[in-house]
Each structure stands twice: as C-alpha cells, then as structure tokens.
Amino acid sequence: MADTPDTSAEPRTNARDNYLFDLAHNRQGQALNRLCGSLMRAENRERFKADEEAYCDAYGLSAAQKQAVLQRDWTGMLDLGGSIFYTFKLAMLDQKSMQYLGGVFTGMTTEEFAETMRSGGRRFG
Amino acid sequence: MTWGLATSHVPSIGAAMDHGKTGDPYWKPLFDGYAPARAWMAEHTPDVAVVIYNDHANALSTDLMPTFAVGTAESYDVADEGWGPRPVPRVVGAPHLSEHLVRELLDSSFDITTCSQLEVDHGLTVPLSVYCPNPGPAWPCAVVPVLVNVIQYPQPTAARCYEFGQAIGRAIGTFPGDDRVAVFGTGGMSHQLAGARAGLINEEFDRRFLAAIEDDPESLAALSREDYVREAGTEGIELIMWLVMRGAMSGNIARIHDTYHVPASNTAAALALFQDLGDTESAPA
C-alpha cells in the first residue's frame with residue numbers, strides 16, 4: 001500500500017467539517033462499520049488480509065463502500081456512513097496512524113499534519 | 001468520595017507508556033505534567049474507582065448504543081481494539097457497588113443499561129495508567145465502569161451528564177461500608193479526528209473549561225452539544241464526561257493539580273485532579 005493512495009483528482013480537503021455520526025449515518029454505514037468492527041479479532045484480521053474482496057462481500061457492503069474499503073478511500077468511507085472509530089481499525093491494520101488519517105482528511109502529508117499539531121494544532125475562526 | 005480525576009484517554013498516551021516512550025521529547029512534557037498528580041494519588045489510593053468513559057467500537061457496536069450504562073461484572077478483560085490488547089492487568093470489578101449504583105440511579109430516574117460482560121478499551125485503561133503507570137500484576141483498586149454515549153449523535157446533554165454525576169455522588173454517599181471511592185471523568189479536550197477540521201485545537205476553550213470545571217461547572221453544563229462540537233470538535237464532546245465526575249463531587253473541593261498539553265496524537269490532552277474536602281472533613285483524623 002502506497003503511503004498516499006490518492007488516485008482521484010479531487011482534493012481531499014473537500015471533506016465535510018465535522019462528521020457527526022448520527023442515526024442516519026449509523027443506518028447508512030451499518031455494514032461498513034460491522035466489517036471494520038470485526039477487525040478487533042485477530043482471526044478476522046487474517047481473514048480480511050487473505051481476501052479483502054470476499055470479506056467485503058461477506059459483510060454485505062454496498063458497491064461504493066466496498067470500493068472505498070479496497071481503495072482505502074478514508075474520506076469516502078466516512079461519507080458512506082463510516083464512523084472514524086471503526087475505520088481507524090482498518091487504518092491500524094494497515095499500520096497507518098491517526099496522524100496519517102488527519103493528513104488525508106486535510107490534504108497534508110503525515111509529517112506536515114504532525115508538525116502542524118506540534119505547532120499547536122489547527123485553528124478555526 | 002475521596003477525589004476526582006479528569007483526564008484525556010487518547011490511545012497513543014497508553015501506547016507511549018506501553019512502549020517506553022514517556023521520556024521521548026514528544027511525550028515528556030505531557031508525562032512531566034502528570035507527575036505531581038500521580039505522586040498525590042499514590043498517597044491517596046482509593047478502594048474503588050468509578051470510571052466514567054466511553055467505549056470506542058469494542059465492547060459496544062453501532063447495533064446497541066446505550067446512553068448511560070454501568071458495568072456489573074466481577075472482572076473485565078482488556079479489549080483487543082485491532083492492534084492487540086494493551087499489556088495491562090485485567091480490571092477487577094466492584095459488583096456490590098455496581099448493584100448499588102444501578103439501583104440508586106434508577107431510583108433517581110436515570111434509566112441504566114447494565115453490562116454483565118464487558119471488555120474495557122483504552123477509554124478506561126488509559127486513565128487507569130495515567131493514575132497508576134506501573135501497576136505490576138494487578139491494578140491498585142477495583143473499578144466500576146460507567147459508560148456514556150459520546151460517539152453517536154445526539155449525545156446526552158451536558159446538563160444531563162452533570163445531573164447524572166450528582167446522582168452518582170449521592171449513590172456513592174449511601175453505599176454501606178467505608179470504601180474510599182474516587183471518580184474518574186475521562187476523554188475530552190480539543191478533539192476533531194475527521195473531516196476538514198481534523199486537528200482542531202481550541203486552547204482558549206480548553207483552558208476556560210479546565211478552569212470552570214472546578215468552581216463554575218453550571219456554566220459548562222449550560223452549553224449545548226452543538227457548542228461542544230463547534231468549540232472542541234466532534235470528539236471534543238467527550239468533555240461532558242468530565243461533568244459527570246464533577247457532578248459526583250461535593251460542593252467543597254480543592255484543586256490538587258492540573259496540566260494541559262498539545263499535542264497528544266491529533267488532540268489536546270489535559271488532566272485535572274480534585275480532592276473532595278467534604279469527605280475529608282467527615283473522616284476520622
């Protein structure tokens with residue numbers, strides 16, 4: 001997996017501001033979050049790594065959710081009902097940190113994002 | 001009720017301890033900030049800690065999202081959150097206090113979900129490590145886990161959490177026996193993990209909260225959940241769990257120590273320790 005698997009022309013900073021995980025997102029993301037949640041079991045992590053596509057199918061992901069998972073489209077997963085606390089388990093399986101994800105969400109490299117945090121974080125008016 | 005501790009529960013704080021990185025330049029300022037509180041707590045060990053926290057997709061799932069829940073088990077295993085369980089002792093419960101809390105809270109019109117089997121995640125174990133960094137084979141106190149939904153919107157209001165804490169405080173006060181009980185409010189401070197605002201730090205709001213939690217918690221209870229999301233971030237709403245802790249304490253408290261640090265991973269991190277003087281005055285000399 002490349003460190004920045006950005007295959008789209010869209011800048012990743014188009015992410016929504018807050019990503020409130022509400023009941024509508026819970027309904028929308030149920031299969032996706034169940035899949036990610038299952039990765040808390042070591043045997044499931046191995047099954048997922050052995051055949052990601054089959055694993056997505058077994059959890060009943062929509063085509064768009066499946067594509068987002070396979071492509072590690074982290075913003076796309078959130079837009080399709082993912083909760084960050086669930087998708088983070090997939091990131092950890094890839095050995096990607098929350099700071100890596102922070103960079104993805106804000107159009108920065110991991111190091112740029114980490115440096116921004118070390119400098120006191122990001123401010124919004 | 002002996003003391004109350006408010007502390008962040010960021011997973012990487014636990015990982016820094018588990019991997020011996022607390023002396024690294026990145027982490028040293030945070031852990032140096034903990035030191036005075038840890039020294040004081042080591043001399044004021046409770047028998048039971050009531051830990052107010054939230055599960056992060058480990059024991060609970062989006063299938064079931066209780067607003068307020070109480071662990072009632074004899075013990076709690078440490079969850080594998082996706083990267084292997086933390087190398088810390090399993091958590092011993094205090095089921096008699098759990099039963100008392102459940103009954104008293106229901107009588108106070110808080111409709112409680114009970115968890116008779118619960119794997120505890122970093123939300124609970126990191127605060128225990130903040131309190132006691134080197135527990136050896138067992139934690140120094142029993143634990144009653146109290147869970148609050150802060151993950152799925154809408155969360156309980158800050159005002160309701162403060163009242164919930166007050167009900168917990170009353171229940172602890174009527175628990176038979178002379179167990180020394182501490183209450184932990186966990187999570188919180190600037191916390192925006194996803195989206196365009198990822199990495200939001202609002203130090204001004206954090207410091208205002210850190211100050212007011214001692215002597216003006218009502219002003220914090222009056223804030224809406226939208227206020228918390230706007231000012232502290234989507235996950236910054238975890239601060240409402242500090243209000244549960246504060247509500248459980250008497251009106252007569254003293255600040256022992258506090259510290260604030262940026263960054264811990266993608267967030268701010270803080271600690272605030274309060275002694276409950278109401279309890280001390282009634283204790284034998």
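Biologist: Before we look at this predicted model, what does buried mean here?

Modeller: Happy to start there, since relative accessible area is what decides the class. Over 50% is exposed, and partly exposed is in between. Buried means under 20%.

Biologist: Thanks! Is Phe48(A) buried or exposed?

Modeller: Its relative accessibility is 0%. The cut-off for buried is under 20%, so Phe48(A) counts as buried.

Biologist: How are the rings of Phe48(A) and Tyr55(A) arranged?

Modeller: Let's take burial and then geometry. Tyr55(A) has a relative accessible area of 2% and is buried. The two ring centres are 5.5 Å apart, with the planes at 90 degrees. Planes over 60 degrees apart count as edge-to-face, so the pair of Phe48(A) and Tyr55(A) is edge-to-face.

Biologist: And how is the pair of Trp3(B) and Phe184(B) classed?

Modeller: Here the planes are at 25 degrees and the centres 5.6 Å apart. Planes under 30 degrees apart count as stacked, so the pair of Trp3(B) and Phe184(B) is stacked.

Biologist: Good one. Turning to helix α8 of chain A, how many of its residues are buried?

Modeller: The helix spans residues 98–106 and is mostly covered. Its buried residues, among them Tyr100(A) and Phe105(A), pack against α6, α7 and α9 of chain A. The count of buried residues in α8(A) is 9 of 9.

Biologist: Which charged residue sits over the ring of Tyr100(A)?

Modeller: Tyr100(A) is one of the buried residues of α8(A). A charged end sits 4.8 Å from the centre of the Tyr100(A) ring, and it belongs to Lys96(A).

Biologist: Last topic, cavities: what is the volume of the largest one?

Modeller: There are 2 cavities of 30 Å³ or more. The lining of the largest cavity divides into 9 nonpolar, 6 polar and 2 charged residues. Its volume is about 150 Å³.

Notes: Residues are numbered from 1 along each chain as its sequence is written. Chains are lettered from A and ligands numbered from 1 in the order in which they are written. This is a predicted model: local features need pLDDT of at least 70, side-chain atom pairs count only at pLDDT 80 or more; totals for chains, interfaces and linings use all residues. Side-chain values use heavy atoms; hydrogens and water are left out. Buried means under 20% relative accessible area, exposed over 50%, partly exposed in between (1.4 Å probe, protein chains only). Helices (H or I, at least four residues) and strands (E, at least two) are DSSP runs, numbered from the N terminus. Contact means heavy atoms within 4.5 Å. Rings of Phe, Tyr and Trp (its six-membered ring) pair if their centres lie within 6.5 Å; planes under 30 degrees apart count as stacked, over 60 as edge-to-face and the rest as tilted. A charge sits over a ring if NZ of Lys or CZ of Arg is within 6 Å of the ring centre and within 35 degrees of the ring normal. On a 1 Å grid over the protein atoms alone, a cavity is a set of points where a 1.4 Å probe fits but cannot get out, and a pocket is an open set with protein on both sides within 12 Å along at least five of seven lines; lining residues have an atom within 4 Å of a point. Grid points are joined across faces, edges and corners, and a volume is the space filled by probe spheres set on the points. Ala, Val, Leu, Ile, Met, Phe, Trp, Tyr, Cys and Pro count as nonpolar, Asp, Glu, Lys and Arg as charged, and the others, Gly among them, as polar.
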